[in-house]
Amino acid sequence: MNRKTLAIIAGAIILSAVILSLFWPDGAQETEPVETASEADLPEGLVLLDEQQIRAAKISVEAVGRGSAVELVFPATIAASPTGSARIDARAAGVVRSVNKTLGDYVRAGETVARIESADAAALASQLNAARARVNELSAAYERERRLFEASVTARQDLEAARANLQVAQSELSRAQAAVAAAGVSGDGRSLAVTSPLAGRVTAAPIILGAFVASGEELYRVVDPDAMQVEVALPAVDATRIAPGDQATLEIGNDDEVSARVRSVTPSLDMESRSATAVLALSRPIPGLQPGAFLQARIRPSGEVDQTRISVPEDAVQTIDGQDMVFVRTRRGFQARPVVTGTRSGGQVVIESGLEAKWRIATANAFLLKAELEKESAEHGH
């Protein structure tokens, strides 16, 4: 083999190394300086940036590592929390004389939603009037005994007895006033007020104007839409894996998600369904959802990691022309690489394919690279 042939082979090897270095995404040495590379030499999707420019743009670079939080998917149901719902019953038997609220209406805490004409109202009003009369009578008796005692006509024990009788009567009056106020007795003493113990919306209103209702009969149900919780049925095999404090994500339709946290887990299984119940506390109210609505919950058991999968921060994944992309660090900047993404939760995105462990990618401020790439495409008419 002559020198000319050796030179050709050596040149081919060097040329191959240069081409590999230009296209290799993860730190391969580049033999061609950036400033001598023409635009025709640049791989598609390459953004040229040096270390100083990367620092100035505050673009964070992180190594891709294996390990993704395990997520368990369960059906869930929206429910009103114990302090966020109320059943309003008739306090006494009687006839419904007014209905102030109906299904879907908003009510304030303590607001009167209906009135019931009842004999109990008349009895409470009568007791109040009798208590007032008794106080007036004993007040006059006490004043008379006080004047006689000051005139040295009666003994001290007569004055003290009159004072004690007045105090008992005043206590009875206070009790009668409290009973009338609690029952919402009208001024004419004929009807009782039905009031809501909390603010919210009426979700049920079986009340009928003019109907006779028995004491304890349900008239309304009120739910506070900002006091919802999520109940998740956990199969027996997974119940021991979930614990209070575990993070969760709820899928509520229209590709919308809301984060939640496991507040409690029942210590025993339901005898019929053979499942435990996890109660999730929402990070924010979910507008438009009512108790009984179904959704899907993804719960991440603490400490469980799937080493066969890769996940990256959400900021690292950018969508370009409908394709999810991740910017991989190279010697001359960042190379956009298409990826197939999986579930998103807890600020992380599972990468199904397109990335390998130990590659270094742009995370924080990766959107700046997307903007630069789109600007270059627009300038070249692509």
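Predicted model: local features only at pLDDT ≥ 70, side-chain atom pairs only at ≥ 80, totals over all residues.
Q: Which residue in S16 stands opposite Ala-233?
A: Strands of a sheet pair through backbone hydrogen bonds, either parallel or antiparallel. Strand S13 (residues 228-235) and strand S16 (residues 275-282) pair in the antiparallel sense, over seven bridges. Opposite Ala-233, the residue in S16 is Thr-277.

Q: Is Gln-229 buried or exposed?
A: Gln-229 is found in strand S13. Its relative accessible area is 6%. A residue counts as buried under 20%, so Gln-229 is buried.

Q: With which side chain does the side chain of Gln-229 make a polar contact?
A: A polar contact needs a pair of N or O atoms within 3.5 Å. For the side chain of Gln-229 there is such a contact at 3.4 Å. The partner is the side chain of Glu-231.

Q: Is helix H3 roughly parallel or roughly antiparallel to helix H4?
A: The axes of H3 (residues 119-150) and H4 (residues 156-183) come within 8 Å and cross at roughly 160°. Angles over 145 degrees count as roughly antiparallel. Therefore H3 is, relative to H4, roughly antiparallel.

Q: How many nonpolar residues are in the contact of H3 with H4?
A: H3 passes H4 in a left-handed crossing. The residues of this contact include five polar and nine charged ones. The nonpolar residues number 17.

Notes
Residues numbered from 1 in each chain as written. Heavy atoms only, no water. Pairing = 2+ DSSP bridges. Helix = DSSP H or I, 4+ residues; strand = E, 2+ residues; numbered from the N terminus. Axes fitted to C-alpha atoms, helices over the stretch in contact; angles between N-to-C directions. Parallel < 35°, antiparallel > 145°, perpendicular 65-115°, else oblique. Left-handed = near helix turned anticlockwise from the far one by under 90°. Nonpolar A, V, L, I, M, F, W, Y, C, P; charged D, E, K, R; others polar. Buried < 20%, exposed > 50% of the residue type's maximum accessible area, 1.4 Å probe, protein only. Polar contact = N/O pair within 3.5 Å; in protein donor to acceptor, adjacent residues only side chain to side chain.
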